[in-house]
Protein chains: 2
Amino acid sequence: MSTITPKILPPTPSATNSPLLIGDLLESGVRMAGRNQIVYRDQCRHDYRHFRERVHQLAHTLTALGVNAGDVVAVLDWDSHRYLECFFAIPMIGAVLHTVNVRLSPEQILYTMEHAEDVFVLVHEDFVPLLEPLADKLPNIRGYLLCQEEAKDVSTSLPLVGEFEALLSEQPDYYNFPTFDENAVATLFYTTGTTGNPKGVFFTHRQLVLHTLGEASTFQAPGCELLNRDKVYMPITPMFHVHAWGVPYTATLMGATQVYPGRYEPEMLVKLLVSEKVDFSHCVPTLLNMVVSADAVASKQVDLSGWKVLVGGSALTQALASRAWSLGIDTRSAYGMSETCPLLTADILPRDVGKADFDTQLPWRCKAGLPVPLVKLQVVDVDGKPLPHDGKSVGEVRAQAPWLTQAYYKEEQRSEELWRDGWLHTGDVGSIDEHGFLTISDRIKDVIKTGGEWLSSLELESYISQCPGVAEVAVIGIADDKWGERPAALVVPSDLSNPPTAEDVQAFMEQFVKQGAINRWGIPSLIRVVDEIPKTSVGKLDKKRIRTEV
Amino acid sequence: MSTITPKILPPTPSATNSPLLIGDLLESGVRMAGRNQIVYRDQCRHDYRHFRERVHQLAHTLTALGVNAGDVVAVLDWDSHRYLECFFAIPMIGAVLHTVNVRLSPEQILYTMEHAEDVFVLVHEDFVPLLEPLADKLPNIRGYLLCQEEAKDVSTSLPLVGEFEALLSEQPDYYNFPTFDENAVATLFYTTGTTGNPKGVFFTHRQLVLHTLGEASTFQAPGCELLNRDKVYMPITPMFHVHAWGVPYTATLMGATQVYPGRYEPEMLVKLLVSEKVDFSHCVPTLLNMVVSADAVASKQVDLSGWKVLVGGSALTQALASRAWSLGIDTRSAYGMSETCPLLTADILPRDVGKADFDTQLPWRCKAGLPVPLVKLQVVDVDGKPLPHDGKSVGEVRAQAPWLTQAYYKEEQRSEELWRDGWLHTGDVGSIDEHGFLTISDRIKDVIKTGGEWLSSLELESYISQCPGVAEVAVIGIADDKWGERPAALVVPSDLSNPPTAEDVQAFMEQFVKQGAINRWGIPSLIRVVDEIPKTSVGKLDKKRIRTEV
C-alpha cells in the first residue's frame, strides 16, 4: 500500500456492504436456471432448486451434528453431487472445507488431517478402509458421516454418526445462513511439493467469489467461449484438487448443467460425455490422453466432436492438441497452480487467430494464455527486474491477483519463500509475447543447464512427443562432467510391441536442429524406452522420481 | 454481521491481497484487445494501447497541476474519449471524479460543486459560459483545464491553466500508479429527487470493480448477449449520469470497441450507429423514441437491424419495444437507480423464452428482469415482511449488493431514509414472479390510491401508450372527494395535427377493463392532450412538475 491518502467515507449505520460470500454464487445459479440439472453418473439427477434445498439440508445436518463456524470439516469422496453440496454448505455455515487428497499415501493423509485440525469427516464408503487404521491417531475428530451410493449396512470400526442421505432427508430445506466477514477461510487443501511434507493452501470466501467472477468473465469471452448457462459441464480434474479449478463454483454461478463422474474410469467418462452431451471439461494432459485413447473414442465408435477441453497442470503438447482435433475435440490451455486458486491465464484467442485455420491456431492453443481480469503477471530476471514482453526473454513468472493463497497453512518459512517483494513466485519460468500471451518453458528446478545455456525440458518434451511411435515422454537433466548437465529422456512407445529406438528419436530431432529451434546439445544423449512414466498424485510427470529412475 | 466466529488467518508479511482498483479494468481491456478502438464522433479514434497511454499522460497532467489523492475533481464534458480517460485517470491517482450533471440549473450546479468541495475542474468549451458567472462563488477551485474539439483561442474570465490536449502531449506515457485501499471513493455525482437539494451519491473502487464484473457476467450470458470484445458499444445515457450505467468500465474490461457521440443530436447518433456498426447501446425510453423517430430511421432510409438496446430509467413499454422490433432493433429492460451504481436486474431471457417468437418474448422484455449475480432483492410489505415470489404480491423493492452507495454524501438524515434494516430502499413498488423476474409497477409516491385500491400509474401508462395516435403519456393521481384519488393523464399525440380525443383514449381503455387487466376506475377521468410532457434532467417523466400542470 502506498502512503497516499485517498478519501474514505463512513457508511450509514444501517448500510450493508454485502461481503463476498460463497452462498451468493448458489443463489445466482438458481435464478439463472432453476431447472437445469446436477447429474451424478447414471445414478441421480436433480435441478438447481433441489440442489439448493439439499445444501440447506446438509447445513442443518452438520449443525445438528455439532459442526460450528471455524471448524475444519474433511471430505473424502469421489467427484459427486454430494461433494458439490459440500462445496457450498460447509463454507456457508462459516466452517472450513478440507478437500482431502485421496491419492496421497495413508501417512500423508494422516499428516494433512492432523495438520488441518479436522474435527469432522464426511467419508465415502470406498475410503472407509483407508481411514479405519488412522482413526486412533485422530482423536480430535468428533464424528464420521458416511456417504453411500445406495443404503446398505457397513461394518466398520469408524465411529459413524449416520449416513448422508438418511440424515439429509430428515432436515428442513431452508437454513437461515449467517452473514460474516468475507475474509473467513472457506477451503483448505494440501499440495505436494518435491520436498518435505504436503503444504496447506487455503482460500477465503472473498477469494473464491472473485476467482469465480474472473473465471466466468474469461470462459464467456469470445475467443474462449467454454461455458455458460446453456452448456453442459463435467470436470475431469478431481474436486479435491484446487476445487476442480474452481469451475464447479463458476458453473453454479452461471446455472450451467453439471455432470459429476465419480471416480475416473475411462468407460464411464466416455459414456457420460456422450449420454449427457457434455460441452466442456478440463483436465491434465494425461487424462485427456486417456480419454482419446479409450477404445470407443480412438476407433471413432463414439463421436466427441464439439467437446471443448481446457488443459492445464502440465503443458498441452501440439501432438495431443492435434490428435484431439482430429477427433473434433477443441482443446486449449490454461495456467495456474494450487496456490493461485488456480486460474492465472487462459487461451483467449485474438479475433483474427480465432478465425484462422487450425494449424495457425495450434501454437496459440498450446501457450499458457492471456492473464484473466484482475491478474497481474510478470516474468522477472534473477534480480527481480521485469523482462520485456518480446516473446523471447525468459524469467521466473510471478503473480498478483485477489485470489492467491496468502500463506501456506501454519508454515511461516515456506510462506516467505512463496511470497517475496509482494509477489507470489510460481517457480515456473516463461516468457510473455507482445500480445500478452504467456508461454511456460519449464519449472525453475527442471531447467537443464548445459554448456552455459538453459534448455527447457518442456520444450524438448514437446518436440520428442511429435516423433512417430512416441506416446509419452519426460525429459530431465543428468549430471555431465563436460557440459554440466545433459538432457535425458524417458519414452513410452505407443505400440509396446514395436517401440522406437533411441537412434530413431535422435534422428527425428535433427530436423529441429536444422530449423534452428534447438541447439545440437538439445538432443538427449540418453534415451530410455519404458512402459510407464512416474506421475504425481494429480497426474503430473513426477520428475523427482524420474531422476532416481534414469 | 452475525456473531459467529469463522476462521480468519493472517497473511504472509509480503503477501499482497490485491485491492480491487479501477486500473485493473483498463489493463484487462488492453490485454483483451489492444487494437480495438475508442472512437469520438467523426473526429478522433485510437486503439486501447493509445487509450492507456493517454490515461497515463492525463494522470501526469493532473499531478503536475497539483491534484492530489483525496481531491475532488469536477468534469463538465459531453460524452467523449476525454471523459472516458477521466473515468480512469482521476480515480487511479486516488482522487475523486465528480461527474457534474450539466443539465441542472446553474444554481443547482453551483450547489453540487460547493457541496462536493471540488478543487479542480475539467471543462469543455461549451460549458465555459455556464461556469464563468459561478467561478467567484467557488473560491476553493485551484484551476480550470479547458477541453476543446480543436485548438483555438478562448476569451474567458475563468482562470484557465491550459488546454487538455496540449498539456497531455507534453507528458510521459507511463505513470507509476499507486496502490491503495479499495474502499477509497472513486466517483461522486448528484441525483435530483422530487424535493430538496440534489443528493450526492458516491462509489468506491471496490464497488465499481464488482459492479463491472457483475455487469460483464450478465451482458455475456445467454438470453442477454449484449456486449463482448467483438462488439461495438455506444452509450446514449450521459456519462455524468451514474457513469453511463457503468458500461464504459464494463466495455473497457472486455476490450470492446467504444464509440462516444458527444452531445445527443439525433442525426449524429444515427450517423454513428450506421458508420461504426454499433451493436449495443443503452438509454431511457425517451432517447430510444427519439432515435427510432428520426426521419432517416422511421422512413427506413437507414437500417438499424441487429442493434441491441438496453432500456432503463423508466419502464420500456410494449408499444416502444414493438415499434423498435419492427425496425429490427432488439430491446430489453434493466433496472436500477443512481444509488445502486446502477445495475440491479436485467432481462436474461430463459432458454425456452429466448427461442420463442417475439410476441412471446415481448412481456418478458418489458419486465425489469432477473437480479444480476451478487444482488439480493426483496419486495416487502409495509411492515418490511418479504412477500412471496408469485408475480402478484406487490410491495416496496429493497436491495443488497456489494455496489450500493453507502450513504448520501454529507447527508445523514436522508441516508437513514435510504438505508433501513440493512437494506437499501428503492422507493419503487413491484412484484417478483416464480422465475425470479422483477416487475416494477410504480414509484411508491406515484401509486394512485383510489377507492381503497392501489393503481399503478406505470401500468396505466403502458396501456394508454398502445392507443393509436398516442406518442407519449404520463399518468398521475389527482385528489378526488369521493375516491380519494383518481388517475389523470397527459397525452402527447404522434401527429399534432390530428390528436386523439380524451374520449378516444377512454374508449380504447375499455378493452383492458373487459380483459380484467384493470378495474373501471383505472380509466383516467381527466385526459389532457399536450405538446410535451415535463421531464427531469435525465429524461424521466417529471411527475412533480406534471402534478402542478394538470
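Contact is defined as heavy atoms within 4.5 Å. In the predicted model, the contact draws 79 residues from chain A and 79 residues from chain B. The model is a prediction in which local features need pLDDT of at least 70 and side-chain atom pairs count only at pLDDT 80 or more, whereas totals for chains, interfaces and linings use all residues. Residues are numbered from 1 along each chain as its sequence is written, chains are lettered from A in the order in which they are written, and side-chain values use heavy atoms, without hydrogens or water.

Chain A and chain B bury about 6800 Å² between them. Buried area is the accessible area (1.4 Å probe) that two parts lose on being put together, summed over both. Carbon and sulfur atoms carry 58% of this area. Lys7(A), Arg31(A) and Leu374(A) provide 11% of what chain A buries against chain B, more than any other three residues.

Six salt bridges are counted between chain A and chain B. The criterion is a side-chain nitrogen of Lys or Arg within 4 Å of a carboxyl oxygen of Asp or Glu. One of them joins Arg351(B) to Asp230(A), with the closest N and O atoms 4.0 Å apart.

H7(A) gives the largest share, six residues.

Rings of Phe, Tyr and Trp (its six-membered ring) pair if their centres lie within 6.5 Å; planes under 30 degrees apart are stacked, over 60 edge-to-face and the rest tilted. Phe87(A) and Tyr249(A) form a tilted pair, 5.3 Å centre to centre with 35 degrees between the planes. Phe87(A) lies in helix H3 (residues 81-92) and Tyr249(A) in helix H9 (residues 247-254) of chain A, so the pair ties together parts 162 residues apart in sequence. Both residues are buried (under 20% relative accessible area, 1.4 Å probe, protein chains only; exposed is over 50%, partly exposed in between). Ring pairs link Phe87(A) and Tyr249(A) into a cluster that includes Tyr48(A) and Phe51(A).

The rings of Trp364(A) and Phe437(A) have centres 4.9 Å apart and planes at 90 degrees, so this pair is edge-to-face. Trp364(A) is buried at 13% relative accessible area, and Phe437(A) is buried at 1%.

Definitions and conventions. Helices (H or I, at least four residues) and strands (E, at least two) are DSSP runs, numbered from the N terminus.
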